[in-house]
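Trainee: Could you pick one spot in this model and look at it closely for me? After that, please carry on to the other local details worth checking.

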Amino acid sequence: MEAWRAGGSVPPWPGGQHFVQALEALVHQPRRGPSVLVALTETSPEDSVRALLRGERFRLTGERGRLVPYALIEPPEPGGVADQVSLLATAAADLRVMPRHTGRLRLRRYELLRGVAEAAGLHPGDPDRRATELRERLRRGGEPLPDDDEGPGGVILSWLLWIWKGWFGPWVFRRRVNRLMTGRGRRGWFSDWVNRRAGEPSSDFFTDAQRLAPGGVWGADAGEVLLWALLADLDEALRPRLLSPWRGRRSRFVLLAHAGSGTSELVAAYRRAVKGLGSQGTVLVAHAGVSGVPEATGFLDAARILRDGPNLPEGPLELAVSVPPLSEARDEEAEDRFRFQQRAVAKDVPAWPPGVGLALRLGALALVPVMLVVGLRMAGVDLPPLSDPLCPDGQFEDSHDGDACLGLSDGGEGFPGMGKEFDELFTMIEETNGAVADLVAAEGRQVRTVVHFAQFTAESTAPEAVGSGTFAELRGLALAQREIRQNAVENEGHVLLRVLLANSGPGFRDAEPVAEEIVRRADDEDIIGVVGPGESRTETFAAMRILGDGNIPMVGTTANADGLIEQSRLFYQLAPTNARQARVAASFLEHTELITLPEGPVRAEAAAVIYYPDDVYSDNLASDFRESFPNGEVTMLAHQSAGTGGPDGTRATFDDLAEQVCGLLVEEPATLVFWVGREGDLTAFLSDFGPIPECGGRITVLGADTVASALSEETNPVERHSGLTLYYLAHAVPSVHRPTPAADRFFEVYEEEFGPLAPSGPEALASGDAALGRDALMVLADAARAAYDGHDAAFDRSTVRAMLDAGQVDIQGVTGVLSFDDGRVPRDKPVYILRGSETTPEIVLDCGAFASDDERTTWGNGHPCPRD
C-alpha cells in the first residue's frame, strides 16, 4: 500500500512535490515576505484536500517531535455549531507544542483577550463598572470578584496587602496591559482595530475590551479579535532578540484548516488580520473557497506563485489551488521523491542546544575588548593577527564537523579534515593546472574548467576513510588531465581543461550548498561540466537538480539507482543501469551451477537479498534483481540501520540477518545470497554467519559492484571464510582483463605513476574506479573539443551539453565505447561477473560493447548477453 493511502505523506499528484517543497521553503523563511494563505478546493467528493492536509501534517512531524510548529483546525461535524473562540483555543494549544530546542511559545495578547472573551457575569449596564470588573477579573487570573471584599487586618502586613490590592497593584497592571495592547507601532494593533470598529482609537484597553466580553456590544467580534491577537503573538515570537537563541531556530507557524462550518469565516478574518497587522509569521492552508485571490492553474503554477511571493510589496501572499482527485495521484516521479523524503526538511539550525547558544551570546558581550581590537585592525591599525582561518579561500566550514572544510579547491590547498593519502593527488592537479595556465598565457589557447564533485573528508581521517573509490577515481582523473593537456599541445583544435575539486563532506551530506557554490562560480570559472556526484542519496538528488538548474552537465562514474538519471536532464552516466545489471545476474544464475552441495553443483533455487532501504541504489538494484530472478522464491532482508524495513517487513541487524539466512539455507540448501549492502559490511555479516553451527559457514554470495571495494580492503573475505563462494559484478577489471589498446595504454601510465598492479591487490581492484574517473573527464574533454570545432571561442557549458545530447561524443574509453547518441547512458556498457579467490579473480562472464569492433553478445556456452 502506498504510504499516502496508509495515512502517510502527501499523495503523489503530478507536480505535487514542487508545490509542497515551495510551501515548506516559505515556512522556513519567517522574516521574508508576508504571511501566506493557500485556499484549497476539490473537484470531486474524494476527500483529496483532506488527504493533502493530513499528508502535510505527517510531513511536518518528525520521529522526535514536530519539525515546525503547526495546528490542525478541525471544525465540528456537519450540523454542529462553529465557535471561533473554541477553534482558536484548540489551535493555540496545538501551536504551543513547539519543535525541540525552539523554546516556549508565549501568547500574551491572545491569553489576555481570551480572558476577555470568557469573562461572563460582568455588570450588564454601566461601561465603567464593567471595565473595572474586567480589569480585576483579568488581574486575578480570570476568577470572578468576591461578593464581599475583606477589609484590612490588624497587622502591618495586612495593611500593605490591602494597599497593593486596592491601589498600587491595579495601577501597575493597567499600565502594563495598556502599554502591551495600545502602545505605538506594532504594539498598537488593538488601538487600530478599535479605530476601524468605532471610528476612534483606543485610549484605554479595559474600556474597549469590556465591549468584547459576553453581554458587550461587540461580543460577536470576539473571535476575530482573538485571531488578531494570536497572529500578533506569533509575529513577535519570530522577532530576533539579542539574548534569545530560541527565536532564531523557529520557522513560520502553520495552520491547517479542514472544511466545515466556520472555516470560510476564519479565512476571511485571517485575510483582514494579516493585512491589518502586516503579519509575516504564519501560513494558513485551508479547505475553503475564497474569492478575489489568484487562482493557480495547477500545482506547478502554485509552486511558481509561492516562490515569487516573498518579493511582493505587501501581504498577504494569497492563492487558490484546485486539488485533483485521488485517482490522479499516479505521478511516479513525485511518488519516488516523496518516498525518498517522507518528511519535510527541518530548519537548518545550530547543532548545539539553545542553552549553549545563550551562553555564547553572553560570552560575546564579554568580548567587547576583542571586538575593539578587530575594529582597530579594520581601520588599518597595525596589530598582530588574532588567528588564522580554518578554511582557505573558496572553502567554508563543515557545519557538522568544525574541523573540516567544504567547497572548492584548485589542488593548491587541501580540505582541512582530509586524509593524507590525497596530498600527492592534489599536488598533481595543482601542477597540471599550473602547466595549463602557462600554456594559455604563452599561446592564448582555449581553456575551460571541470569540477570533480566527491566526498574528500570523512568522519575519520584514517587512510581510506572516505572509501577507495574516491581515491582511485581521482587518480584516473589526474592522469586524464595530463593526457588532455598533451593532446592539446599536439593539436590546436583540442581544449585545455583546468580541474577544480569539490568536497561535499561525508556521505554527500552537504552536497546542496556545495552545488550552489559551483553554480555561483560557474561563469567566473568557465565551468563546463562536473564529474559526479556519486551515490544515490536524497542530498545528491537535490544537488543534481541545483546543478541542472544552473545548466551544468554532469557525468557520473559509479553505478546508481535507475531513478538517479531522471533527477536532471543534464546527468549522463558511465556505469550500466541497475536494470541491466540485474538481468545480467539473472542470466548468470539461470545457466550456472554455482552452489556446491554434497550431491554436486546445482543452480540457485532460491535467493535471499540483503539490502538497505534507505540507500536508493541498494533498494533499486534489490528490486530489479527480485523481478529478474529466474528460478524460485526471493526473500528480501533489510538491514535495521536503514530504518524502514523491506517490502516483506523484515528488518534485522547483521547478527539477525545471519540467523535468518542460515534458516533459509537449512530449508533450501540451494539458496543464493544476493548482497546489495554497503561495501564494508559484507565482512561484518560473514563474521556473524560463520560461527552458526547449523550452517557451518557454507554460503554462496553474488554481490553488486560494491563488493569489489570490500575485496580491496586489507583482509580478503575469501581468505578468512573457507566456506564462502563469492561472485561479484564489476565494470572494469584491468588487472585481469585489458580488452583494448586504450586500456593497455592507460594502465601502463597508471603503473608508471603509482606502481605495478598485483592481480589480487587492493590497487588492482580499485583501479576500475580509476578507469571510470579517467573516462568521465575524457567525455567532457571530447564534448569541449566538439563545441570548439570551427574555432567558436565563445562556447560554454550550454554548447557542451548540446554536443552530448547530439551524439557528438563517440570515443573509445578504457571501460568501453562512450557514446550518448541513444540516450544518457552508453548502450551496452561492459559488465563482468567475477569469482573471488585468494589470488587472482576469475572472469566467468563478460558482456557488452568493449570496442566498436569488439561487442560481446554471448557468454559461456553461447548464452545471450542481456542488452539495453
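Mentor: Happy to! Let's start at Asp828, which is placed in the loop between strand S24 (816–819) and strand S25 (831–835). Helices and strands here are DSSP runs numbered from the N terminus, with at least four residues (H or I) for a helix and at least two (E) for a strand. Keep in mind that this is a predicted model, so local features need pLDDT of at least 70 and side-chain atom pairs count only at pLDDT 80 or more, while totals for chains, interfaces and linings use all residues. Residues are numbered from 1 along each chain as its sequence is written, and side-chain values use heavy atoms, with hydrogens and water left out.

What makes Asp828 worth a look is its backbone: phi is positive, at about 55°, although the residue is not a glycine. Asp828 is also buried, with a relative accessible area of 4% (buried is under 20%, exposed over 50%, partly exposed in between, with a 1.4 Å probe and protein chains only).

Asp526, however, is partly exposed, at 39% relative accessible area. A cis peptide bond joins Gly532 to Pro533, with omega about -10°.

One joins Cys847 to Cys865, S to S 2.0 Å. Its torsion about the S-S bond is about -70°, so this disulfide is left-handed. The link brings together distant parts of the chain, with Cys847 in strand S26 (residues 842–851) and Cys865 in the segment after strand S29 (863–864), 18 residues apart. Both of these cysteines are buried. The other disulfide is formed by Cys662 and Cys695, their sulfur atoms also 2.0 Å apart. With 110° about its S-S bond, the link of Cys662 and Cys695 is right-handed. Cys662 lies in helix H21 (residues 654–667) and Cys695 in the loop between helix H22 (681–689) and strand S21 (699–703), so the pair ties together parts 33 residues apart in sequence. Cys662 is buried at 3% relative accessibility, and Cys695 is buried at 5%.

Next, a polar side chain inside a helix. Gln481 sits in helix H16 (residues 468–490) and is buried, with a relative accessible area of 1%. A polar atom of the Gln481 side chain lies 3.1 Å from the backbone oxygen of Leu497. Leaving aside neighbours within four places in sequence, Gln481 is in contact (heavy atoms within 4.5 Å) with Ile429, Thr432, Asn433, Leu497, Arg498, Val499 and Leu777.

Now the aromatic rings. The structure holds 27 aromatic pairs. Rings of Phe, Tyr and Trp (its six-membered ring) pair if their centres lie within 6.5 Å; planes under 30 degrees apart are stacked, over 60 edge-to-face, and the rest tilted. The rings of Trp13 and Phe299 have centres 5.8 Å apart and planes at 35°, so that pair is tilted. The pair links distant parts of the chain: Trp13 belongs to the segment before helix H1 (16–27) and Phe299 to helix H11 (residues 299–308), 286 residues apart. Trp13 is buried at 0% relative accessibility, and Phe299 is buried at 6%. Phe422 and Phe426 give an edge-to-face pair, 6.5 Å centre to centre with 80° between the planes, and both are buried. Ring pairs also link Trp189, Phe190, Trp193, Phe205, Phe206, Trp218 and Trp228 into a cluster.

The charged end of Arg66 is 4.0 Å from the centre of the Tyr70 ring, while Arg475 lies over the face of Phe754, 4.2 Å from the ring centre.

Finally, the whole chain. The protein has 27 helices and 29 strands, and 53% of its 868 residues count as buried. Among contacts with a separation of 6 or more, 71% are between residues 24 or more positions apart.

Key: Polar contact = N/O pair within 3.5 Å; in protein donor to acceptor, adjacent residues only side chain to side chain. Lys NZ or Arg CZ within 6 Å of the ring centre and 35° of its normal. Disulfide = S-S within 2.5 Å.
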